[in-house]
Amino acid sequence: MAAVLLRKQVTSSSGGDTDELPSYIWSRLTPATQSSIKSLLLSAVQREESKSNSRKLCDTVSELASNLLPDDLWPELLPFMFRAVTSESPRLQESSLLIFSQLAQYIGDILLPHLPTLHTVFLNSLSHSMSPDVRIAALGASINFVQCLESTTDREQFQDLLPAMMLTLTEALNSGNEDTAQEALELLIELAGTEPRFLRRQLADVVGSMLQIAEADRLEEGTRHLAVEFVITLTEARERAPGMMRKLPQFIGSLFAALMKMLLDIEDDPVWHGAETDDEDAGETSNYSVGQESLDRLSIALGGNTIVPVASELLPQYLSAPEWQKRHAALITLAQIAEGCAKVMITNLEQVVSMVLSSFGDPHPRVRWAAINAIGQLSTDLGPDLQVHYHQLVLPALASAMDDFQNPRVQAHAASAVLNFTENCTPDTLSPYLDGIVSKLLVLLQNGKQMVQEGALTALASVADSSQEHFQKYYDAVMPYLKAILMNATDKSNRMLRAKSMECISLVGMAVGKDKFRDDAKQVMEVLMTLQGTQLENDDPIASYMLQAWARLCKCLGQDFIPYMNVVMPPLLKSAQLKPDIVITPADEDDDIDDSDDDSIETITMGDKKIGIRTSVLEEKATACNMLCCYADELKEGFFPWIDQVAPTLVPLLKFYFHEDVRKAAVSAMPELLKSAKLAVGKGQAPGRDESYVKQLSDYIIPALVEALHKEPDVEICATMLDSLNDCMELAEQLLSEGQVRSIVDELKHVITASSTRKRERAERTKAEDFDADEGDLLKEENEQEEEVFNQVGDCLGTLIKTFKSTFLPFFDELSIYVTAMLGKDKSAEERRIAICIFDDVAEQCKGTAHKYYDTYLPFLLEACNDENSDVRQAAVYGIGVCAEFGNSVFRPLVGVALSRLNSVIRHPNAQHMDNIMAYDNAVSALGKICQYQRNSIDAAQVVPSWLSCLPLKGDLIEAKIVHEHLCLMVERSDRELLGPNNQYLPKIVSVFAEVLLGGKDLATEETAGRMVNLLRQLQQTLPPSVLASTWSSLQPQQLLALQTILSA
């Protein structure tokens, strides 16, 4: 205890300036006292015999030394440790190795000059010590040093320690000392996760040894599970050793077989068949659980190209075996590997589906359950392909399984699988099966087994949600049953049943709509209000289900829900304000946080601390935050009265790092709160508030979002934050201060730099010895996430440019270097497109003041007209049109080359193919702008008719409206080049008008369509009959009929 107290007094654990920390009293001690403490500590290390006390002393020495050694303030320590490690005392050897191990973590660089000596010390301790404790300490120290060495050359020096490190493990196993073996395995697992390439040269030997341990039935399960964990950890260490484990196909096969064998360790527990409890794991052992989880992780880490061939060999053998356990194992395996192997399994879908459906008729109910379970999992992982191609096989099979009244657990699971299947179904796919499925689910609702009723409720909810208005015809039959459960299932044993009835009622209400649901909604909400007023127990599921049911009812009823908000909001805010339930203990403390039976506590180890977090609290908090976002989104200005309570609740949660879903909900809510305030003030529904309130809220939200974005560790959430920030900026408009714009711009620079760094680090992975095509696919997916980040950055800049126009240009000058870097040929097509779009916005919004950027950006745009990617071409030709419109004389010298580039887009053989049509339409629009704004620089008699020949536009409906209005204007002005000599292009113009008018509101605004009709009537009245007849005769019959109808109206 004295060592622990001393450590707390004389060491600093917070890495700041230690002199400023009141708890760090070392610097305030006299030199004599400091010297005395150092001597006493080393003497105590020498004398101490108790293992537990010795470790605590070593912790104190290590932490103090990590503060003193960098300034050479404990010169006698290292000589003492080198003497101790070569002494005759195993306890002293162990202590010095433990201190070396911790110093490697804290200040490894200080020990680099001693690397050769340490190498010798570790090798001797690993190879020659008779003490298992010394060997384990040496193993820990060796691993910590390998982890702290940044130089590959330095790490190479430790390569020859690996056989001795493995020997520590094998000798512990051979001597029956499994506790030591397990300690060794845990250390080696850490090495596999952090420095997998250190193992590469001897990979086959190391993995081979681990698989032998995993398959050794004589060993304890804990030891075998750790050996499995080691190999799985190696397969998951893709960022540090991409593709390495795929180079050992023989071991992958052995590991897969061993994991499937673990799934055979399952008993046919009567509790499972009784189906009185929700314990669907009855009979499953820890071996089974490890095998199941490891198959999932293995397939995600290695992918379908590696796993499916191995599985294809083993699964048929297991499925045809007489033992039910083997058939069960095959189906569980299929479900577990589906997520990681989805791409490959989708290409063999027929084989996979028939393999599973053939087991629906298996004589053993647990095998039938596993087959249903597999279909449920495959519906999620291989959807919607599975639903589109095999609904006619799967849904009847599930309906049939719901008739298995002898095995209620199978029935309940079939209902659950209906949920999985319908979640990825379109209403039209589901519609033909609704009569059969709904009637069967209603039968199950009346079943005596609560588990079956719960499954039926969940399935009904999903079926209603997926079938939408198709569910109307079943409403009158279904709703009375649901209301009866809600009102009568009041026993404690029926809590989940009642909770699920709420879920089902609210989803059915959303599916059928307000008019059909309104009367029942009132009754349901009265029950919910009564429940809301009662004191629910902490573990009552009704609380969480009720939060979600209220939100769905709000979505269904819209503004009619506002009177209920006073009932809904207080408990919702209370849930959103829940503090995380966290327990922190030292990592080496023997008492486990999660020794309790509460499976909602998750434990993670961070450095020397063990952190226990109660996940149920976090999940309730996340649900509540999501619901707040839903209410703000649905009620718009109606949510205004709650903003002053909700904003201070959610804004701090932008940096809630304990739970991603809480952060995501807070991020999504920010623009909704701002929109609600802005609408309420604008519509006069915010008593006593004006625009200053919106500014106040904006000043609170936007800087908080920017600060949270700076610290956000997750790339996907980073993109969502940028999206929310952009929405908030669009709402705030001119309310943004110059200081806020400055911080946003600085943060966008940071985001671009951080993203580019991540991409560069991924590019480094491609140079790894074992990098392969599978790794390339994964890398591509990760980079696509980065592109979403860049996309959002482009949107944010676009909003700032549109809001502040030329006054934003000083900021753009700073950003331009980042934007031009995105135009490089080494960048992805998406990055190039985004960079071009940013310039397009500058040119369009800043007009003449943007001319100074033309020299930099227009060469990129002209080159990008020939880009392989159609989206890049579209952005480039759009930008050329903008520059033609606003570039005046600055653009004039480039007109010739611009015409040439636009022509290459327009005249390309596949120009009007679906993939290219947007680029084509924008090129035609740009050509029209050159005709309109740069007429003096072109041969108008040739170019204008060429432009006319490309009309009408039908792909990009925004550009179509602009171009067709432009055409209308030119006709109204009797444009000479457009009409041609002797009005020779008039038939084409009339034909274009006819096509546009046939297209209704899609191709022209109402105003433009009206002007076209007026022009056609004028032509009818003014043209000579022969010219008119000739013009009409050139039209298609459908066009002619449409025009006659329009003109006679």
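This is a predicted model: local features need pLDDT of at least 70, side-chain atom pairs count only at pLDDT 80 or more; totals for chains, interfaces and linings use all residues.
Q: How do you know that the span of helix H39 (residues 829-846) agrees with its number of residues?
A: At 1.5 Å a residue, the 18 residues of H39 should span 26 Å, and the end C-alpha atoms are 26 Å apart, so the two values agree.

Q: What makes H39 mostly covered?
A: Of the 18 residues in H39, 14 are buried. Buried means under 20% relative accessible area. Just after this helix, Lys847 takes a positive phi of about 45°.

Q: Why is the pair Arg663 and Glu712 called a salt bridge?
A: The rule asks for a side-chain nitrogen of Lys or Arg within 4 Å of a carboxyl oxygen of Asp or Glu. The N to O distance between the side chains of Arg663 and Glu712 is 2.8 Å, so the pair qualifies. Arg663 is in helix H33 (residues 660-682), while Glu712 is in the loop between helix H34 (691-711) and helix H35 (715-732); the two are 49 residues apart and link distant parts of the chain. Both residues are buried. By the rule used here, the count comes to 56 salt bridges.

Q: What makes Lys695 and Asp699 a salt bridge, and where do they lie?
A: Their closest N and O atoms are 3.2 Å apart, and the cut-off is 4 Å, so the pair counts. Both residues lie in helix H34, 4 residues apart, which is about one turn of the helix. An α-helix has 3.6 residues a turn, so residues three or four places apart point the same way.

Q: What labels do Glu786 and Arg758 receive, and why?
A: Glu786 has 0% relative accessibility; buried means under 20%, so Glu786 is buried.

Q: Why is Cys718 called buried?
A: Cys718, in helix H35, has a relative accessible area of 7%, which is under 20%, so the label is buried. Its contacts include Leu709 and Glu712, not counting residues up to four places away in sequence. Cys718 and Glu786 are 68 residues apart in sequence and 9.5 Å apart in space, C-alpha to C-alpha.

Q: Why is Thr233 called buried, and what does Thr233 touch?
A: Thr233, in helix H12 (residues 221-236), has 12% relative accessibility; the limit is under 20%, so Thr233 is buried. A polar atom of the Thr233 side chain lies 2.6 Å from the backbone oxygen of Glu229. Not counting residues up to four places away in sequence, Thr233 touches Ile189, Ala192, Gly193 and Arg297.

Notes:
Residues are numbered from 1 along each chain as its sequence is written. Side-chain values use heavy atoms; hydrogens and water are left out. The expected span of a helix is 1.5 Å times one less than its number of residues. Buried means under 20% relative accessible area, exposed over 50%, partly exposed in between (1.4 Å probe, protein chains only). A polar contact is a pair of N or O atoms within 3.5 Å; within protein, one must be able to donate a hydrogen and the other to accept it, and residues adjacent in sequence count only if both atoms are side-chain atoms. Contact means heavy atoms within 4.5 Å.
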